[in-house]
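This briefing goes through one protein model topic by topic. Please look at the sequence and the 3D view before reading on.

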Amino acid sequence: QVQLVESGGGLVQAGGSLRLSCAASRTPPSIVAMGWYRQAPGKQRELVAIITSDEGTNYSDSVKGRFTISRDKAKNTVYLQMNSLKPEDTAVYYCNTRVVRIGLTYDYWGQGTQVTVSS
């Protein structure tokens, strides 16, 4: 089991910045990626950004150039720096950890943190 605790959400004006943090209770060697997803009201949860075990990153087109995902392995923490925020970035942001063990994939989720961007 991996417990994830997010923090850093809040209310910000358009054009502003926020930094989300996700602290993992542990990071087993079988982790293949950590990432951030978001879900806006009435919409499906969507990928925002991921960082793989070999430090590769991937972003959704809607956030490329504005958001940056990073990880501090010593602190078992992954961050999402969000700049130039837009009202359409408003959503609940969820931290995810994907573990592959004995050929099976396990996804662990945090409780979510609200990000609201006002126009």
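Why is strand β8 (residues 77-82) largely enclosed by the rest of the structure? In β8, 5 of the 6 residues are buried, so the strand is largely enclosed. Buried means under 20% relative accessible area, exposed means over 50%, and partly exposed lies in between, using a 1.4 Å probe and protein chains only. Strands are DSSP runs of E with at least two residues, numbered from the N terminus.

The model is predicted: local features need pLDDT of at least 70, side-chain atom pairs count only at pLDDT 80 or more, and totals for chains, interfaces and linings use all residues. Residues are numbered from 1 along each chain as its sequence is written, and side-chain values use heavy atoms, with hydrogens and water left out.

**The sheet around β8**

- An open sheet is formed by 4 strands in the order β1-β3-β8-β7, with antiparallel pairing; two strands pair if DSSP finds at least two bridges between them.
- The edge strands are β1 (4-7) and β7, each of which pairs on one side only.
- On average, neighbouring strands of this sheet are turned by 15° against each other, direction ignored; the axes are lines fitted to C-alpha atoms, and angles run from 0 to 180 degrees between N-to-C directions.
- Strand β3 (residues 18-24) is antiparallel to β8 and joined to it by 6 bridges.
- Strand β7 (residues 67-72) also pairs with β8 in the antiparallel sense, over 6 bridges.
- L80 in β8 is the bridge partner of L20, and L80 is also the bridge partner of I69.
- Between β1 and β3 there are 4 bridges, and these strands run antiparallel; V5 stands opposite A23 in β3.
- In a regular strand the side chains alternate between the two faces of the sheet.

**R71 in strand β7**

- R71 belongs to strand β7 and has a relative accessible area of 19%, so it counts as buried.
- The side chain of R71 makes a polar contact with the side chain of E55 at 2.8 Å.
- The R71 side chain also reaches the backbone oxygen of T52 at 3.0 Å.
- A polar contact is a pair of N or O atoms within 3.5 Å; within protein, one must be able to donate a hydrogen and the other to accept it, and residues adjacent in sequence count only if both atoms are side-chain atoms.

**Positive phi values**

- Most residues other than glycine have a negative phi.
- N76 has a positive phi of about 55° and sits in the turn of the hairpin formed by β7 and β8, which have 4 residues between them.
- S84, in the loop between β8 and β9 (91-101), has a positive phi near 50° and is partly exposed at 42% relative accessibility.
- I102, in the loop between β9 and β10 (104-109), has a positive phi of about 50° and is exposed at 84% relative accessibility.

**The largest pocket**

- The largest pocket has a volume of about 160 Å³, where a volume is the space filled by probe spheres set on the grid points, which are joined across faces, edges and corners.
- A pocket is an open set of points on a 1 Å grid over the protein atoms alone where a 1.4 Å probe fits, with protein on both sides within 12 Å along at least five of seven lines; lining residues have an atom within 4 Å of a point.
- The lining has 13 residues, and R38, A40, K43, E46 and E88 lie nearest the centre.
- By class, 2 lining residues are nonpolar, 4 are polar and 7 are charged; Ala, Val, Leu, Ile, Met, Phe, Trp, Tyr, Cys and Pro count as nonpolar, Asp, Glu, Lys and Arg as charged, and the others, Gly among them, as polar.
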